[in-house]
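Hello,

Please find the structure for your files below. My notes on it follow, grouped by topic.

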Amino acid sequence: MDSREDDGGEPLSRMAEWRDVTPLPQDDGPNPVVPIAYKEEFRETMDYFRAIYKADERSPRALRLTRRAIHLNPGNYTVWHFRRLVLEALNADLDEELDFLQRIANSNSKNYQHHRRWVVERLGANARAKELNLIKKILSIDAKNYHAWSHRQWVLQALGGWEDELDYCQQLLEEDIFNNSAWNQFSARHDFT
Amino acid sequence: MQLVGGDNSGVAEAVKQVEQVKQSGKGMATREWNPLDFDIGEEEDEEGTASQSSISPPLPYFDRDRHVAFLEMMYNLMPHHYQSQEINRLTLAFFTISGLHLLRALDRVDKDRVADWVLSFQAHPRSRAQLKNGQFYGFHGSRTSQFPPDGNGVSARNAGHLASTYCALAILKTVGFNLLTIDKESILISLRNLQQPDGSFMPVDVGAETDLRFVYCAAAICFMLEDWSGMDREKAKEYILKCQSYDGGFGLMPGLESHGGGTYCAVASLRLMGYIEDDLLSKTVTSSVINVPLLLDWCMQRQAIDGGFQGRANKPSDTCYAFWIGAVLRILGGYKFIDKIALHRFLLTCQSEFGGFSKYPGDLPDIYHAYYGYTAFSLLEEPGLNPLCAELGMTDLTAIGII
């Protein structure tokens, strides 16, 4: 799965696969302010993304390109949105997409919360255990990660599982009695159930 | 790429400085962050894995000149580290330009050129019918969400973003542009497309998190445009109230842990919408839509032993919460209760020798913490800074409309 999507990071302009595409440079308008000193890899990737987006090309190579763009600017909601369109057009395996998201889950998880929920909603109850476990993993590294807790509440609300949450909160509080996020979850149990 | 500034030597100098700083590996925070997120995801690396601590002792005073130089550099060219923030370009511009205004250095900015550039980000509908198609005809945050129409005049999906629109309007006001001349009708009618049944707001039509940040952006947009037809205030208020936690603070969504950024968005929104009056604590008001005593208690408890403010209970102090929570106290009329001397001392430990402020003491600066450092010093009434409009997060002069 990884190798299918991993294009090795070679410049796109030197790849045969992209020969037919003319990259679309950014038009920064009149007298831009706070211009950013983009690195070449970033500039090139986004130029190709603009071209593919404008052409509305929903192909496997477009999917790979969104992955590159996401790696360079994970907060770019336009890229994530286009990736969803491509996933739908290709009728992609969303279990694989969830695996992909779990592989890249790290401190940048906040950037693709919405995308993640889009995938989980489509997978339904089958994704619950996987998601809750992944969140536990993140919280085991950073027990107060706000986005992880926010996502956890969302999963519990959407797919259930509050009945086991008391044990989990108690475990976290045993590890750190000052974990305010765990105290909050403890209280939220009552509000939501 | 044409850079602003008639004098090319100034730009060249700025670029040279940036290159020197880059090569030395110092001067720029390299960890990932997003100005919209109040560093929520940042708190993981509290150990400061990406930081390179400055070994020189903190300056005992607010060094305005150094900060002006920092902002000028950003205005002319942002280092490549910010490319991951490309999608928030207008936000970066807001921090820079409004920052200069706070420091009484707005003369460094070419106001007309800035206004033209910001206006070029506005999403324009091709017809009035398009205003109901679900998209938001506000401002894009960057060129990566804005695409020119093709030969047939057909645009790819071309939607604005709430936070970018807040920043765009704020910048325009700061440089003295008359907001009455923009197409505010398109903004307000399509703004309603983003409000959810529970009163919250999506930031953009392609789907994203709905939480208090975007309720705040919507309220600030309506306030600046002086027109509340863009949102259902009552529904927004209901959503906000659901976010107040058992301990008095506000989470970013109902059920979430109370948080400095969420609390600011809640209280500032209520104030802008007219649901809480000025200086609430000094009035003999027996009821309010929110639990004010508990909120006040929560806010006061956020000032830590080191003098700084934490975003949540038992988290480390972080520069920006001196604004997020300080501003809440200012709105309520309770800012006088904090330990200003201790806060002042803490903030100076986050002042960078490169100009700007860092999140934690001794770390590298970034434009987001720089801006909220300046707003925090304005709340402390630092001499030489412009006064702050707490509920809008910009200078009083801008809020009132004085150039």
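**Salt bridges**

Arg64(B) is partly exposed, at 25% relative accessibility. Its partner in a salt bridge is Asp65(B), with the closest N and O atoms 3.3 Å apart. Asp65(B) itself is exposed, at 56% relative accessibility, which puts it over the 50% cut-off. Before going further, please note that this is a predicted model.

In chain A, salt bridges with shared partners connect Asp20(A), Glu57(A) and Arg61(A) in a single network. Over all chains, the count of salt bridges is 28.

Lys130(A) is partly exposed, with a relative accessibility of 32%. Asp95(A) is also partly exposed, and its relative accessible area is 38%.

The other pair is Glu131(A) and Arg116(A), whose side chains meet in a salt bridge at 2.8 Å, N to O. Here Glu131(A) sits in helix H7 of chain A and Arg116(A) in helix H6 (residues 113-123) of chain A, so that distant parts of the chain, 15 residues apart, are linked. Are these two residues buried or exposed? Glu131(A) has a relative accessibility of 0% and counts as buried, because buried means under 20%. Arg116(A), at 3% relative accessibility, is buried as well.

**Chain A as a whole**

Chain A has 10 helices and zero strands. The C-alpha trace of chain A spans about 55 × 40 × 25 Å along its principal axes. Chain A has 193 residues, of which 56% count as buried.

**Helix pairs**

Two packed helices are described by the angle between their axes and by the distance between those axes. One pair from each chain follows.

In chain A, helix H8 (residues 146-159) and helix H9 (residues 165-175) have axes that come within 13 Å and cross at roughly 160 degrees. H8(A) is therefore roughly antiparallel to H9(A), since angles over 145 degrees are counted that way. The crossing of H8(A) and H9(A) is right-handed.

In chain B, the pair is helix H3 (residues 89-102) and helix H13 (residues 367-379). Their axes come within 9 Å, and the crossing angle is roughly 30 degrees. How do H3(B) and H13(B) run, roughly parallel or roughly antiparallel? H3(B) and H13(B) are roughly parallel to each other, because the cut-off for that is an angle under 35 degrees. H3(B) passes H13(B) in a left-handed crossing.

Trp117(B) is part of helix H4 (residues 111-119) of chain B. With a relative accessibility of 0%, Trp117(B) is buried. From C-alpha to C-alpha, Trp117(B) is 20 Å from Pro79(B), and the two are 38 residues apart in sequence.

Leu77(B) is in the loop between helix H2 (64-76) and H3 of chain B. Leu77(B) is buried too, at 8% relative accessibility. Leu77(B) and Leu270(B) are separated by 193 residues in sequence and by 37 Å in space, C-alpha to C-alpha.

**A nonpolar surface patch**

The last item involves both chains. Which residues form a nonpolar patch on the surface? They are Ile177(A), Phe178(A), Trp183(A) and Tyr246(B), and together they have about 430 Å² of accessible area. Tyr246(B) is located in the loop between helix H8 (233-242) and helix H9 (260-273) of chain B. The relative accessible area of Tyr246(B) is 43%, so Tyr246(B) counts as partly exposed.

Regards

Notes: Residues numbered from 1 in each chain as written. Chains lettered and ligands numbered in written order. Predicted model: local features only at pLDDT ≥ 70, side-chain atom pairs only at ≥ 80, totals over all residues. Heavy atoms only, no water. Patch = residues over 30% accessible without salt bridge, like charges linked within 9 Å, V, L, I, M, F, W, Y side chains within 5 Å. Areas by Shrake-Rupley, 256 points an atom, 1.4 Å probe, with all protein chains shown as cover. Salt bridge = Lys/Arg side-chain N within 4 Å of Asp/Glu carboxyl O. Helix = DSSP H or I, 4+ residues; strand = E, 2+ residues; numbered from the N terminus. Buried < 20%, exposed > 50% of the residue type's maximum accessible area, 1.4 Å probe, protein only. Axes fitted to C-alpha atoms, helices over the stretch in contact; angles between N-to-C directions. Parallel < 35°, antiparallel > 145°, perpendicular 65-115°, else oblique. Left-handed = near helix turned anticlockwise from the far one by under 90°.
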